[in-house]
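Hi,

Here is the structure I said I would send over.

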Amino acid sequence: MEVGQPTEPHIAILPSPGMGHIIPLFQLAKRLVTHHRIRVTFLVITTTNPAPTAQNNLLRSDAVPSGLRVVDLPPVDVYELLSGVPPGLTPLCVMVELSLRSHLRPVLLELDGVTAVIIDLFCTQAFEICGELSIPVYTFFTGSTALLAFSLYLPTLDRETEGEFVDLPEPIQIPGCRPVRTEDLLDQVRVRKSDEYKWFFLHVSRLHKAAGIFANTWNDLEPISLLALKENPFFLNIPTPPVHPIGPMVKEEEPYTESDKEVLTWLDKQKPDSVLFVALGSGGTLSSKQLTELAFGLELSQQCFILVARTPNDATAMGAFYSAGGSEDDPIAYLPEGFVKRTEGVGLVVKFWAPQVAVLRHASTGGLLSHCGWNSTLESILHGVPMITWPLYAEQRMNATQLAAEAKVAAKPTVEPWREVVGREEIERVVRAVMEGEEGKVIRQRAKELRDGARVALDSGGSPCDSLARVVKAWKLNSA
């Protein structure tokens, strides 16, 4: 081959555990293989515990294209290290640290000529390991670009602020971006002495080491923060790695089970835009009291609904984070007595997991009550479905405010779910407002406008496609 002629790069992609991280990076892997003819090895961090059902269904599907290889890193035993540690960023980061320190280097050496490695935010140990192997590392940022801007600003905020950020008298002004209300700050930065903060700070302080940052967004959705990252003097002087908006990078298809087909058959019988889909992500859980109020609120609203029911958890809002897709308990047993029977025909209760992409795509779906995780947010927008915000943990409060105040595709309950239990009367009110009120008509129209913009972005020749293509071109030249 002549020097300088492009050749086929080999890209390794490494997400941290959790469906919210795995899904968008796996979608990027498929996009690189099918649209850009690149070999991709998708590395999966594993433990001695079985992987969640939803994860196996995604990664082991027959729909995985040729040219995309899924490789499990050797399992690590974290049981003793994490025994008694509640779900959150700390156990995730301990798991990643142990796995990458033990296994990433030998696995990369075994792979055939890796051109670049793409990681998510919580795999930054790869910078040191890949640096020793002279392999460039890119970061795929799985949250919003507003969160990315906050993350890049955090080391400066940490240096210049005394006390806790949540006690500041005014919203936090990120250069060139919309201010962040202190009550919306993500969980991991609310207590600076905590292990959660230390882990988050460690990873975001390494973002500057990336050869580039892939942002799961497009300009119509987040014009302000994208412009700030590109042009604001603060970010230019950090310096900030090149930011490549390549979104929306969301799951486009998924295998159906028999129960999934039953859900879609039920939807086929409903009127257009008439069904509220209630789904709190892959890891979200409600308290027993909140689940009861939610059920009664849906019943009082008299609106059609699909409720993805999970076993309640009174200790944490992310009780299903490591068990997405299944549990031994029957969640229906925790719903109010007679609820399923009373709402039969109007509502449908699904245990643990539903085919979210197919439900959002369906013409009968008219709203999503969402935890406001970024993946669900993008999926909802991509299908023109307005939202009711129900943030639970992590950065979801930031997303909820952004969706309601900036993107204007969501309605917020007057009571914030993370502060206290939202009563059935308020749930009835906000559900009716979105599904049949004037507010719902406005945000539904805005959601459809953003949907059209997202589809243009996804089309060949759209700016996100161009952004990814430019990086791929550089990889091909560098691997010649």
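This is a predicted model: local features need pLDDT of at least 70, side-chain atom pairs count only at pLDDT 80 or more; totals for chains, interfaces and linings use all residues.

Below is what I found, going from the whole protein down to single residues.

**The protein as a whole**

The protein has 18 helices and 13 strands. Its C-alpha trace spans about 70 × 55 × 50 Å along the principal axes. Buried residues account for 58% of the 480. If you take contacts between residues at least 6 apart in sequence, 76% of them join residues at least 24 apart.

**The parallel sheet**

Next, have a look at the open sheet of 6 strands, which runs in the order β10-β9-β8-β11-β12-β13 with parallel pairing. At its edges are β10 (347-351) and β13 (410-411), each of which pairs on one side only.

I'd start with β8 (residues 275-279), where 5 of the 5 residues are buried. In a regular strand the side chains alternate between the two faces of the sheet. Here both faces are covered: Val275, Phe277 and Ala279 are buried on one side, and Leu276 and Val278 on the other.

What does β8 pair with? On one hand there is β9 (residues 304-309), joined to β8 by 4 bridges and running parallel to it. Leu276 stands opposite Phe305 of β9. To get from β8 to β9 the chain passes through helix α11 (residues 288-301), and this β-α-β crossover is right-handed. On the other hand there is β11 (residues 365-370), also parallel, with 5 bridges to β8. Val278 has Leu369 as its bridge partner in β11.

β11 is in turn joined by 3 bridges to β12 (residues 387-389), again in parallel. Ser370 has Thr389 of β12 as its bridge partner.

**Two nonpolar cores**

Which residues have the most contacts inside the largest nonpolar core? They are Leu108 and Phe150, in a core of 60 residues. Among the elements that each supply at least two of its residues are β1 (10-14), β4 (116-119), β5 (137-141), α6 (145-160) and α8 (223-231). Helix α4 gives the largest share, 9 residues.

Leaving aside neighbours within four places in sequence, Phe150 is in contact with Leu157, Ile174, Leu185, Leu186, Val189 and Met398. There is also a second, separate core of 35 residues, which includes Phe277, Leu368, Met387 and Ala454.

**Helix α5 and Val204**

In α5, the buried residues include Gln125, Ala126, Phe127, Ile129 and Cys130. Their cover includes α4, β4, β5 and α7. Just after α5, Ser134 takes a positive phi of about 60 degrees.

Val204 sits in α7, one of the elements covering α5. Is Val204 buried or exposed? Its relative accessible area is 3%, so Val204 counts as buried, the cut-off being under 20%. Not counting residues up to four places away in sequence, Val204 touches Leu121, Ser151 and Leu154. Val204 and Thr124 are 80 residues apart along the chain, yet their C-alpha atoms are separated by 8.7 Å.

**His362**

With a relative accessible area of 18%, His362 is buried, because the cut-off is under 20%. If you skip residues up to four places away in sequence, His362 touches Leu264, Leu267 and Asp268.

That's it from me. Write back if you'd like to go through any of it together.

Cheers

Terms used:
Residues are numbered from 1 along each chain as its sequence is written. Side-chain values use heavy atoms; hydrogens and water are left out. Buried means under 20% relative accessible area, exposed over 50%, partly exposed in between (1.4 Å probe, protein chains only). Two strands pair if DSSP finds at least two bridges between them. A crossover is right-handed if, with the strands pointing away from the viewer, the path from the first strand over the helix to the second runs clockwise. A nonpolar core is a set of buried Ala, Val, Leu, Ile, Met, Phe, Trp, Tyr and Cys residues joined through side-chain atoms within 4.5 Å. Contact means heavy atoms within 4.5 Å.
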